[in-house]
Amino acid sequence: MGVFTKEAEVSTPLPPAKAFKAFAVDIENLMPKVAPQTVKSVEVLEGNGGPGTIRKINFAEGHGLSHAKHKVDVLDKDNLVYAYTVMESDFFNKKIEKISYDIKFVAAADGGSTVKVAATFYTAGDTEVTPDLMAQIKEASEKRALVMKAIESYVLANPDA
C-alpha cells in the first residue's frame, strides 16, 4: 500500500464557526439541498453525527459515481477541526483503499475563513500513483469543490441556515 497526501487551503467569506457548521456539522442536510444534480441523498447508517458516524452519500444519476461511505473521525466544535475517512466508493476502482481528510477552519483577516485541508490517499495493494490516477483525483476534487461552493453560496444567501 502506498500513501500520499495532498494539502490545500481554500478561502471562504464565511466566518470559521459558520463554515465549520456548514461544511462539517450540517453537510449531510446541505449537500442534497444545494447540489441535487450531484448528490441525490445522504443517509446516516450509524451514529448521531459525531465521531464514529457513518454516512452514505448517494450521487445523482449522470454524476459518474453511485455512492461513497464516510466515517466521521473527529468533530471538534471547540477547535473547529473535522476529520473523516472515505472508506468505500466506486471511485476507488480497486486502486484506492481509503482517503482520510483532516480539515481545520481558521479565521482570516477579512472576517472569513481559511479552510486547511489535508487529504491522505491510501492506495490498494501495490497500486502505483500514476499520472492517470492523479488526473482522476484532480477531477473528483474539482467536483467536490463545486458542491462546497454551492453550500457556501447557500449559507451566504441564508444567514440563518
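**Aromatic pairs, core and pocket**

Phe4 and Phe121 are both buried (under 20% relative accessible area, with exposed over 50% and partly exposed in between; 1.4 Å probe, protein chains only). The model is predicted: local features need pLDDT of at least 70, side-chain atom pairs count only at pLDDT 80 or more, and totals for chains, interfaces and linings use all residues. Residues are numbered from 1 along each chain as its sequence is written, and side-chain values use heavy atoms, without hydrogens and water.

The structure holds five aromatic pairs. Rings of Phe, Tyr and Trp (its six-membered ring) pair if their centres lie within 6.5 Å; planes under 30 degrees apart count as stacked, over 60 as edge-to-face and the rest as tilted. The Phe4 and Phe121 rings are stacked, because their centres are 5.0 Å apart and their planes lie at 10 degrees. Phe4 belongs to strand β1 (residues 3-12) and Phe121 to strand β7 (residues 113-123), so the pair ties together parts 117 residues apart in sequence. Helices (H or I, at least four residues) and strands (E, at least two) are DSSP runs, numbered from the N terminus.

Phe23 and Phe105 are also buried. Their rings form a stacked aromatic pair, 6.5 Å centre to centre with 10 degrees between the planes. Phe23 sits in helix α1 (residues 16-25) and Phe105 in strand β6 (residues 96-107), so this pair ties together parts 82 residues apart in sequence. Phe20, Phe23 and Phe105 make up one aromatic cluster.

Beyond four places in sequence, Met31 touches Pro36, Val39, Val42, Ile57, Val147 and Ile151 (contact: heavy atoms within 4.5 Å).

His70 lies in strand β4 (residues 67-76). His70 counts as buried because its relative accessibility is 15%. Leaving aside neighbours within four places in sequence, His70 contacts Thr53, Ile54, Arg55, Ile57, Tyr84, Thr85 and Val86.

The largest pocket is lined by 47 residues. Tyr101, Ala140, Ser141, Arg144 and Ala145 lie nearest its centre. Helix α3 (residues 131-157) supplies the largest share of the lining, 13 residues.

Notes. 1 Å grid on protein atoms, 1.4 Å probe; cavity = no way out; pocket = protein on both sides within 12 Å on 5 of 7 lines; lining within 4 Å.
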